[in-house]
Amino acid sequence: MSTPDRPFASYHLWSLVAPARGQERWHCQMRRGFIKARQHEPQVKALLGQATAPQRIGILAQKGVYEFHHHRHLLHQSDGVEQVAQLLKLSKSTEQVQQRVLQILQKYHDDPLLLDKNIVQLTPGDEGFPKPILVEQEDYCFRLYAAMDCVFIESDRTLHILDFKTGKSAFDQRQALVYLLAARYLYPGRKAVASFYNLELCKKSDLISINNGELESLKFELANIAHKHQHDLQKYQEKTSNFSKIFPPNPGNHCRFCPFQSICDFSHQPTQSYPMPSLRTNV
Ligand code: SF4
């Protein structure tokens, strides 16, 4: 395993290092260890390669929005949803994924958020890692990764960075902050705001912006995360048997939803004190 030559930060890494508000109880550092330190091991790689149904829905929904705007006439055609579904090869997905993605496409077709917007960037969502941005200050330096779903220009010339969501999870403001920092480097001198839009619930978040002071604190916080993670990777590389000390587990009922449950030595096994919901009906 090799460690990156320079520390890096991203929203994903931030969310693996520190929990979002309200999610402290089920936050597990060992997940970061599997994802960011052991990702090349065959078993881990195989588990990471299996997209869950919610992940597939998110990817296909983003691609669907991209296809609607790439073939704009489909937004005005009565069979636009079916045509985009074909472009997405939706019939190859499970019934559950097909149903939810079709609903998302129909809602977007009925009320396309980006119609008439001056779009400068809209990604299909499957293009892999974005190019890193070098954040250099006197006392720290790290690479920042920020994959933006969509950027458009408001009528007053403000850049608007939009992130599409699916499912029911709450918006995590930290993701918007990372985008706003990236925008300072990618679009220097431009005023920028960020927001989220849930394609399933048709729900917009408030607009999020950041001032210069907050931006400096954010850079500092991300630099700390990047350096802490780099340090953990180095410690792991020096002694891989220390995996659980460097990336401590936090087992609990939430292990049921962890992709590494099958290979994790600390995975919580439900016992009588934590009964799993019965599949049988009460008689
Ligand atoms: S199975 Fe549980 S303890 Fe193991 S990595 Fe996942 S959440 Fe952490």
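In the predicted model, Phe164 has Tyr197 of S7 as its bridge partner, and 7 bridges connect strand S6 (residues 159–165) with strand S7 (residues 192–198), the two strands running parallel. Helices (H or I, at least four residues) and strands (E, at least two) are DSSP runs, numbered from the N terminus. The model is a predicted one, in which local features need pLDDT of at least 70 and side-chain atom pairs count only at pLDDT 80 or more, whereas totals for chains, interfaces and linings use all residues. Residues are numbered from 1 along each chain as its sequence is written, and side-chain values use heavy atoms, with hydrogens and water left out.

An open sheet of 5 strands has the order S2-S5-S6-S7-S8 with mixed pairing, where two strands pair if DSSP finds at least two bridges between them. Strand S2 (118–122) and S8 are the edge strands, each pairing on one side only.

Helix H4 (residues 53–70) lies across S2 and S6 and runs at about 135° to S2, axes being lines fitted to C-alpha atoms, for helices over the stretch in contact, and angles running from 0 to 180 degrees between N-to-C directions. Helix H7 (residues 173–186) packs on the sheet and touches S6 and S7, its direction making about 145° with that of S7; contact means heavy atoms within 4.5 Å.

Ile210 is placed in the loop between strand S8 (203–204) and helix H8 (212–238). With residues up to four places away in sequence not counted, Ile210 touches Leu177, Leu180, Arg184, Leu215 and Leu218. Ile210 and Leu177 are 33 residues apart in sequence and 7.4 Å apart in space, C-alpha to C-alpha. Ile210 has a relative accessible area of 14% and is therefore buried (under 20% relative accessible area, with a 1.4 Å probe and protein chains only; exposed is over 50%, partly exposed in between).
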